[in-house]
Amino acid sequence: MSRPTTTAAQRTAAIGRHLMSTSASSSSSNKAAPDEAPVLFESHGAVRTYVLNRPKKLNALNEPMLNLLRPQIEEWSQGELAKVIVGRGVGRAFCAGGDVESVVRYASDPETRPKAIDFFHREFEMDYILAAVPKPYVCVMDGITMGGGVGLAVNAQFRIATEKTVFAMPETKIGYSPDVGASYFLSRVDGEIGTYLGLTGTTITGRAVFEHGFATHFVESRRVPALLEHLAALENPTYQRINDLIEEARSEREPDEPSAAIIGAKREALDSAFSHNTVEKIVATLTEIAQSHKDEEVRQWATNTLEELNNRSPTSLKVALAAIRRGKQMNLLDALQMEMNIATAFCNGVTPDFKTGVSAVLVDKIKERPNWSPSHLQDVKDSEILQNFFSEYTPEKGTAPRLTPPPYLTDANKLADPMQYALPTEAEIRSMVDGSHKASGATEITLDELLAKFDSLRKGKSGVREKILEVVQRKCAFEDDRHMDKRWLKWKH
């Protein structure tokens with residue numbers, strides 16, 4: 001799609017705004033004074049940066065922040081001066097989520113309920129705009145990145161995790177369901193990691209965020225400022241040059257550094273348990289693993305996971321699982337629209353659990369299990385979940401707002417692959433093993449050949465070797481070929 005033309009007067013006005021933004025923020029962005037705007041905007045060379053600036057609230061998204069973000073991001077998206085967009089946060093969070101306390105307060109009163117629904121509507125459109133922005137987008141997840149913060153970050157072409165990154169979609173803890181595109185991205189990471197994180201709300205940290213595909217790169221926090229300076233100095237910031245620059249700042253795993261990723265036998269158990277399409281079957285498989293798995297560590301993990309699921313809203317668990325399964329077959333815009341319909345149902349009080357959860361967890365901060373209603377999985381009817389959350393509220397019925405992204409954005413079915421610069425996925429590794437990958441060149445391959453192929457494809461990217469070795473250990477068997485004196489890899493499942 002051709003980009004709208006910009007007149008000389010518009011360019012002059014844009015330059016003036018960028019210069020004012022730079023001068024205002026450059027002297028104070030590190031101080032984050034309480035009276036400053038909740039979002040700052042910076043200009044450095046061809047780079048335009050938004051800085052979330054509510055550190056005392058862990059940069060949680062609220063209405064004033066959305067009011068500031070969207071027009072500026074749209075101006076940068078269409079303008080000629082901005083070549084790269086960067087997102088980051090002040091303090092110990094990138095963004096800890098959305099302002100759900102205000103949302104629940106608005107939703108509780110029929111007169112103000114439209115404001116609650118409008119918040120989700122605007123937030124989800126902002127998430128889509130950032131995912132579809134027609135120029136490189138780099139998001140620095142240097143700190144807490146949860147819920148609404150994940151929505152701003154997870155579909156960026158370049159997503160940087162650091163040792164400070166704490167990543168989660170914790171919505172089931174508060175009687176809600178993962179949103180901001182979660183049904184799209186949680187359903188596309190390897191195996192059932194996304195289903196597990198979406199239902200339990202468990203956090204993953206640091207390098208594991210990169211190793212599981214939610215970040216494309218891992219860089220030590222202390223190196224980020226210099227990296228952003230080097231990015232601003234690029235004269236021609238193409239996607240490949242940006243990738244190469246971030247890769248140069250990478251932090252390799254130390255030999256004695258423990259892995260925080262879910263791997264090995266625990267990962268096999270996770271994929272087995274969370275592969276089911278009902279929460280009841282997930283619980284049944286976890287119960288069996290907790291009782292009879294030969295590995296004590298895996299048994300303990302299953303026991304802990306059962307306890308986590310028991311503490312979550314049963315209604316939220318069923319809504320979340322249904323959404324993740326449906327989202328796998330959708331493009332991002334359709335997934336966000338489904339989540340908009342679900343959010344509208346929650347705001348209309350289809351279940352009391354959203355209000356109950358926010359009050360218990362965020363307001364009263366109780367440690368006990370909230371008083372969910374219904375309280376048990378068996379009392380939550382699947383037919384009612386489908387009717388109330390997936391059928392009753394839709395734009396077609398006039399009962400939920402329709403997401404309407406700006407027309408200049410890329411077609412929803414042609415968005416860039418958010419995994420392009422990440423570690424290879426299990427599906428990609430499998431295609432190389434079974435010979436269906438376009439770069440395989442053969443129907444049989446050895447481990448050394450597999451490693452060499454991906455080293456070439458990913459241009460020596462950090463973490464590729466470790467990822468392949470872990471996947472091969474779980475998913476492949478070796479077949480000896482005495483005639484050729486080789487050991488071929490065979491995919492087991």
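Good morning. A nonpolar core is a set of buried Ala, Val, Leu, Ile, Met, Phe, Trp, Tyr and Cys residues joined through side-chain atoms within 4.5 Å. I begin with that term, for the core is the first topic of this presentation. Please keep in mind throughout that the structure before you is a predicted model.

A word on confidence. The average pLDDT of the protein is 92, and 93% of the residues score at least 70. Residues 1–34 are a stretch where pLDDT stays under 50, and there the model has 40 contacts beyond four places in sequence.

Let us turn to the core itself. The largest nonpolar core has 121 residues, and those that touch the most other members are Y50, F120, F214, F274, F354 and L450. Consider F274, one of these residues. Which residues does F274 touch, once those up to four places away in sequence are set aside? They are E192, T195, Y196, L199, T200, I282, L286, W301, T305, L309 and R325. As a general remark, nonpolar side chains tend to be buried together in soluble globular proteins.

I move on to the aromatic rings. How many aromatic pairs does a search of the whole structure find? The search finds 14. Let me take the pair of F41 and W76 as an example. The ring centres of F41 and W76 are 5.6 Å apart and the planes stand at 80°; planes over 60 degrees apart count as edge-to-face, so this pair is edge-to-face. What parts does the pair tie together? F41 belongs to strand β1, residues 39–44, while W76 belongs to helix α2, residues 63–78, so the pair ties together parts that are 35 residues apart in sequence. Buried means under 20% relative accessible area. F41, with a relative accessible area of 13%, is therefore buried, and W76 is buried as well, with a value of 1%.

Elsewhere, F119, F120, F124, Y176, F346, F354 and F389 form a cluster linked by ring pairs. There are also charges placed over rings. R105 has its charged end over the ring of Y106, at 5.8 Å from the ring centre. R326 lies over the face of F390, with a distance of 4.6 Å to the centre of the ring.

F390 brings us to I342. Leaving aside neighbours within four places in sequence, I342 is in contact with F390, and also with S177, V319, A323 and F389. I342 is found in helix α15, residues 332–347. Is I342 buried or exposed? I342 has a relative accessible area of 3% and is buried.

The next helix to consider is α16, residues 353–363, in which D353, F354, G357, V358 and A360 are buried. Against what do the buried residues of α16 pack? They pack against α3 (100–107), α4 (113–132), α14 (314–327) and α15. Just after α16, K365 has a positive phi of about 55°.

I come finally to the sheets. In general terms, strands of a sheet pair through backbone hydrogen bonds, either parallel or antiparallel. Even so, β1 is mostly covered, as 5 of its 6 residues are buried.

Strand β1 pairs with strand β2, residues 47–52, in the antiparallel sense over 6 bridges, and H44 stands opposite V47 in β2. The two strands form a hairpin with 2 residues between them, and G45 in the turn has a positive phi of about 60°. Within this sheet, β5 (residues 137–141) and β7 (residues 158–161) run parallel and are joined by 4 bridges.

Strand β8, residues 166–168, runs antiparallel to β9, with 2 bridges joining them. The bridge partner of V166 in β9 is T205.

Thank you for your attention.

Notes. Residues numbered from 1 in each chain as written. Heavy atoms only, no water. Buried < 20%, exposed > 50% of the residue type's maximum accessible area, 1.4 Å probe, protein only. Contact = heavy atoms within 4.5 Å. Phe/Tyr/Trp six-rings, centres within 6.5 Å; stacked < 30°, edge-to-face > 60°. Lys NZ or Arg CZ within 6 Å of the ring centre and 35° of its normal. pLDDT = per-residue confidence, 0-100. Pairing = 2+ DSSP bridges.
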